[in-house]
Amino acid sequence: MQKILVTGGAGFIGSNFVHHLVRSTDYTVTVVDKLTYAASRESLAGLPEDRVQLVVGDIADASLMDDLVSKTDAVVHYAAESHNDNSLNDPSPFIQTNIIGTYTILEAVRKHEKRLHHVSTDEVYGDLELDDPERFTENTPYNPSSPYSSSKAASDLLVRAWARSFGVQVTLSNCSNNYGPWQHIEKFIPRQITNLIDGVKPKLYGAGLNVRDWIHADDHSSAVQTILENGRIGETYLIGADGEKNNLETVQLILRLMGHDENDFEHVTDRAGHDMRYAIDSTKLREELGWKPEFQDFEAGMANTVQWYQEHQDWWRPKKAEIEAAYAAQGQ
């Protein structure tokens, strides 16, 4: 593989993957991205033009995807609508992008006999009880609870069906919650950081006992590259960094890192259908493919992330007031 097509490569996780490929390989990368509110050209700024090309377009555009896929060796499919709160307000974009868009990509890679890696989420498995000793594995049944996670579950099933029915050369990965540079400020961690930069108390859903299994976006990127290059065709790999923290612990860590009292936050109305706990067992990925995360210290990774948002206020500040107004309207 020398030419890689990355869908959604101007968004948070996708752009981190593009930066990772430029640093660690000699691949040339074409990014196709619709440049919705959650993506930005700035996330790809500074990358060498002879290595990275941005095409603005919709993955549900069959003629565009046919053309782009025909010119590449492999497709890494990140593009997705991914914000749970938005999916509760209007599910339609999630159906269009996550399901129809994935179908369109599958038909293009089937036609041109290209390699596909499909990036998904641990939210397709639903949630776990707080005291459950188990974690999600590749064999955990799907039990999605929101329009977002349901649409991602549907896309996963489409990928598996195209592999079995048509012999498409695919791998899949389901990853835990990501944090790091370029994440939109509507998301939990950057929202708290940017609130504190603006002198506003962080907001905590309910009692803050919901647990997320955090992984730095750089570690997600290295895992996807490992699966793309060495994963067994047709297999699913779970990506996680053993980073289970409840939301209260995460907010308190951000407060400490930014020099505030760890209890100086506000409780806000919990969102509907809020999953209690996610936890990833990445044993298969680690033992079969030899992958391991770099940011195994959550506090160090979070300090890196706090510094990034402090240094990139020109990127997120124009969006801040609108995001907070939307949350305020929901009592959050």
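D67 is partly exposed, with a relative accessible area of 33%, where buried means under 20% relative accessible area, exposed over 50%, and partly exposed in between (1.4 Å probe, protein chains only). This residue belongs to a predicted model, in which local features need pLDDT of at least 70, side-chain atom pairs count only at pLDDT 80 or more, and totals for chains, interfaces and linings use all residues. Residues are numbered from 1 along each chain as its sequence is written, and side-chain values use heavy atoms, with hydrogens and water left out.

Side chains of opposite charge can pair when their charged atoms come close. The salt bridges described here are defined by a side-chain nitrogen of Lys or Arg within 4 Å of a carboxyl oxygen of Asp or Glu. A search of the whole structure identifies 16 of them. In one of these pairs, D67 is joined to K71, with 3.3 Å between the closest N and O atoms. K71 counts as exposed, at 54% relative accessibility.

A salt bridge also links R277 to E244, and here the closest N and O atoms are 2.8 Å apart. R277 lies in the loop between β13 (266-268) and α9 (283-289), whereas E244 is in strand β12 (residues 244-246), so the pair ties together parts that are 33 residues apart in sequence. Helices (H or I, at least four residues) and strands (E, at least two) are DSSP runs, numbered from the N terminus. R277 is buried, with a relative accessible area of 5%, while E244 is partly exposed at 32%.

E262 and R256 form a further salt bridge, their closest N and O atoms being 2.9 Å apart. E262 is partly exposed, with a relative accessible area of 30%, and R256 is likewise partly exposed, at 45%.

Attention now turns to the strands. In strand β5 (residues 115-121), 7 of the 7 residues are buried, so this strand is largely enclosed by the rest of the structure. In a regular strand the side chains alternate between the two faces of the sheet. From β5, R115, H117, V119 and T121 point one way and L116, H118 and S120 the other way, and all are buried.

Strand pairing requires that DSSP finds at least two bridges between two strands. Strand β4 (residues 74-77) pairs with β5 in the parallel sense over 4 bridges, and A74 stands opposite R115 of β5. β5 also runs parallel to strand β6 (residues 170-175), to which 6 bridges join it. Within β6, S173 is the bridge partner of V119, and L172 is that of H118.

Strand β6 is mostly covered, 6 of its 6 residues being buried. V170, L172 and N174 lie on one side and T171, S173 and C175 on the other, and all are buried. β6 is joined in turn to strand β11 (residues 236-239) by 4 bridges, the two running parallel; in β11, T236 is the bridge partner of L172.

One residue of a helix was also examined. S87 is located in helix α3 (residues 84-89) and is buried, with a relative accessible area of 0%. Leaving aside neighbours within four places in sequence, S87 is in contact (heavy atoms within 4.5 Å) with F94, S146, P147 and Y148. A polar atom of the S87 side chain lies 3.3 Å from the backbone nitrogen of Y148.

Methods: Polar contact = N/O pair within 3.5 Å; in protein donor to acceptor, adjacent residues only side chain to side chain.
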